[in-house]
Amino acid sequence: MGMNFRGFFDWFFGLFGYRKNIRLGIYGATNVGKTTLANRISLDWTGEEIGKVSEIPHETRTVQKKEKVEIKLNRRKILINLLDMPGLATKVDYREFLKYGLSKKAAKQRAREATDGVIEAIKWLSNVDTVLAVMDATQDPLTQVNITLLGNLEARKIPVIVVANKIDLKRAKPNEIKEAFPQYPVVPVSALKGRNMDELYEAIAKYARRAK
Ligand SMILES: Nc1nc2c(ncn2[C@@H]2O[C@H](COP(=O)(O)OP(=O)(O)OP(=O)(O)O)[C@@H](O)[C@H]2O)c(=O)[nH]1
Ligand SMILES: [Mg+2]
């Protein structure tokens, strides 16, 4: 019913456990652990990392890609193109970076690149099939970035899995994320320690699909 060719194709091959490359976008605010998570997923299935991790916000300022990552679960195989996005922010202020010991010049350049990165990440929303919305479980999840991101994905009918990251930290409260966003599957993980990744892979197998 109303199924186009691609829909039929995906359904047909889905029966045999195949999926064509699903473009999996890793989105979220800065410093929540998107690149750490992308590296973890990539390491688990390909043995290679994708990008550089740092405690300084806006470390990722261009989209980092890892193509054809094959996730095998039971008898199913999913092929994903991992897309690690620059961190989203409602404001970028170069003075923030001075705290980390960057020179004024380097801080200003990082701020310019960070702003371009936010725009690039938003543009890429038209080119992803499924999104991992990563949140730092030690922080209040009801932020403008998270609410705007989830609202945008909802409007575009892009499937979302919320990842409550950093559960290795004592003050992490993944349940607050579940309570804030009850309409989404929420998977608590530690990307750093590799905790609960199996549950995330199962969620990806269950929910990842082509965007409508
Ligand atoms: N304790 C803990 N720290 C984490 C975890 N995941 C990431 N981090 C730390 O959080 C900081 C930011 O990690 P990144 O992976 O660079 O975060 P990001 O979301 O890619 O950041 P941007 O690219 O700047 O948007 C680093 O210091 C990481 O080591 C985790 O599961 N537990
Ligand atoms: Mg990053």
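**Entry 1: the hairpin**

I began with strands S2 (residues 64-73) and S3 (residues 76-84), which run antiparallel and are joined by eight bridges; the strands, like the helices, are DSSP runs numbered from the N terminus, with helices being H or I of at least four residues and strands E of at least two. I count two strands as paired if DSSP finds at least two bridges between them. Within this pair, I found Lys-65 opposite Leu-83 of S3. Two residues lie between the strands of the hairpin, and there Asn-74 takes a positive phi near 50 degrees.

I note for the record that this is a predicted model, in which local features need pLDDT of at least 70 and side-chain atom pairs count only at pLDDT 80 or more, while totals for chains, interfaces and linings use all residues. Residues are numbered from 1 along each chain as its sequence is written, and chains are lettered from A and ligands numbered from 1 in the order in which they are written.

**Entry 2: the sheet**

Strands of a sheet pair through backbone hydrogen bonds, either parallel or antiparallel. Here I read an open sheet of six strands in the order S2-S3-S1-S4-S5-S6, with mixed pairing. Its edge strands are S2 and S6 (186-188), each of which pairs on one side only. On average, neighbouring strands of this sheet are turned by 30 degrees against each other, direction ignored; the axes behind such angles are lines fitted to C-alpha atoms, for helices over the stretch in contact, and angles run from 0 to 180 degrees between N-to-C directions.

For the individual pairs, I listed S1 (residues 22-28) and S3 as parallel with five bridges, where Leu-24 has Leu-82 of S3 as its bridge partner. S1 also pairs with S4 in the parallel sense, over five bridges, and in that pair Gly-25 stands opposite Val-131 of S4. S4 is in turn joined to S5 by six bridges, again in a parallel arrangement, with Val-160 of S5 as the bridge partner of Val-131.

Is S4 enclosed or open? Six of its seven residues are buried, so S4 is largely enclosed by the rest of the structure. I call a residue buried if 20 or more other C-beta atoms, placed from the backbone, lie within 10 Å of its own, exposed if 12 or fewer do, and partly exposed in between.

**Entry 3: the whole chain**

I counted seven helices and six strands in the protein, which follow the pattern α-β-α-β-β-α-α-β-α-β-α-β-α along the sequence. The radius of gyration, taken over C-alpha atoms, is 17 Å, which agrees with the value near 17 Å for a compact globule of 212 residues; the globule rule is 2.2 Å times the number of residues to the power 0.38. Along the principal axes, the C-alpha atoms fill a box of roughly 55 × 35 × 35 Å. Buried residues make up 38% of the 212 residues. Among contacts with a separation of 6 or more, 71% are between residues 24 or more positions apart, a contact being two residues whose C-beta atoms, placed from the backbone, lie within 7 Å.

**Entry 4: single residues**

Asn-31 has a positive phi of about 70 degrees and sits in the loop between S1 and H2; it counts as buried because it has 20 C-beta neighbours inside 10 Å. Lys-166 has a positive phi near 75 degrees and lies in the loop between S5 and helix H6 (174-180), where its 25 C-beta neighbours inside 10 Å make it count as buried.

By contrast, Arg-95 of helix H3 (residues 94-98) counts as exposed, because it has 10 C-beta neighbours inside 10 Å. Its C-alpha atom is separated by 8.9 Å from that of Ala-111, 16 residues apart along the chain.

**Entry 5: the ligand shell**

Which residues come nearest to ligand 1? Of the 22 residues around it, these are Gly-33, Thr-35, Thr-60, Gly-87 and Leu-192; a residue is near if its C-beta atom, placed from the backbone, lies within 6 Å of the molecule. Helix H2 (residues 34-46) supplies the largest share of the shell, three residues. By class I noted six nonpolar, 11 polar and five charged residues, where Ala, Val, Leu, Ile, Met, Phe, Trp, Tyr, Cys and Pro count as nonpolar, Asp, Glu, Lys and Arg as charged, and the others, Gly among them, as polar.
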